[in-house]
Amino acid sequence: MQRIDIAQVETVFRSHKTLVFVFQCHANLFFRKPEEEWQLALTGIPVLLFDKGETRARTKGRLKLVLAEKITGFILWHDVIDNLTNCEAQDNTFHTMFLSTDHSQMGGFSFENKTAARKFHEQVDLLTSDPLNISLSVPKAKGKNSRNLEKNKVTLKM
């Protein structure tokens with residue numbers, strides 16, 4: 001991968017109070033539902049975005065994983081790393097995680113080189129070691145109480 005490609009992707013994501021970590025290789029993104037096989041979805045450049053949450057527009061910190069297109073840096077896929085993500089290195093080049101949108105579904109990244117895969121895992125470990133850096137995932141309210149909450153919200157808006 002060329003330095004110009006890395007610089008282009010980094011430029012796309014750079015913003016005030018956000019740290020950008022662009023990994024210098026391509027990665028294949030796979031998805032797997034429970035009891036199913038891995039399915040190839042996309043190929044792109046893995047990027048970690050750590051939003052410190054220290055601005056008026058973004059008051060809460062979060063860690064986001066992005067798969068970006070090589071030349072443009074456009075987002076092909078993204079997910080927020082939360083307390084239930086559980087990123088793990090399965091081997092030298094394959095890492096898995098639970099998706100924040102559905103914790104029963106897994107995502108897997110197959111890196112094209114071991115060095116980038118190791119750096120990715122080290123950076124995720126470093127950033128997630130502080131609980132303030134990751135979003136806390138809480139279940140959505142269900143049942144009778146959630147309907148009452150919804151009614152209250154509507155009432156308050158009128």
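User: In what order do the elements of the protein run from the N terminus on?

Analyst: This is a predicted model, in which local features need pLDDT of at least 70, side-chain atom pairs count only at pLDDT 80 or more, and totals for chains, interfaces and linings use all residues. Residues are numbered from 1 along each chain as its sequence is written, and side-chain values use heavy atoms, with hydrogens and water left out. Helices (H or I, at least four residues) and strands (E, at least two) are DSSP runs, numbered from the N terminus. The protein has three helices and eight strands, in the order α-β-β-β-β-β-β-β-β-α-α.

User: How many aromatic pairs are there?

Analyst: Rings of Phe, Tyr and Trp (its six-membered ring) pair if their centres lie within 6.5 Å; planes under 30 degrees apart count as stacked, over 60 as edge-to-face and the rest as tilted. By this rule the count is eight.

User: Which parts does the pair of Phe109 and Phe120 tie together?

Analyst: The rings of Phe109 and Phe120 are tilted, at 6.2 Å centre to centre and 45° between the planes. The pair ties together parts 11 residues apart in sequence, because Phe109 lies in strand 8 (residues 106-111) and Phe120 in helix 2 (residues 114-128).

User: Is Phe120 buried or exposed?

Analyst: Buried means under 20% relative accessible area, exposed over 50%, partly exposed in between (1.4 Å probe, protein chains only). Phe109 has a relative accessible area of 2%. For Phe120 the value is 3%, so Phe120 is buried.

User: Which residues form one aromatic cluster?

Analyst: Phe120 also forms a tilted pair with Phe111, at 5.1 Å centre to centre and 45° between the planes. The cluster consists of Phe23, Phe31, Trp77, Phe109, Phe111 and Phe120.
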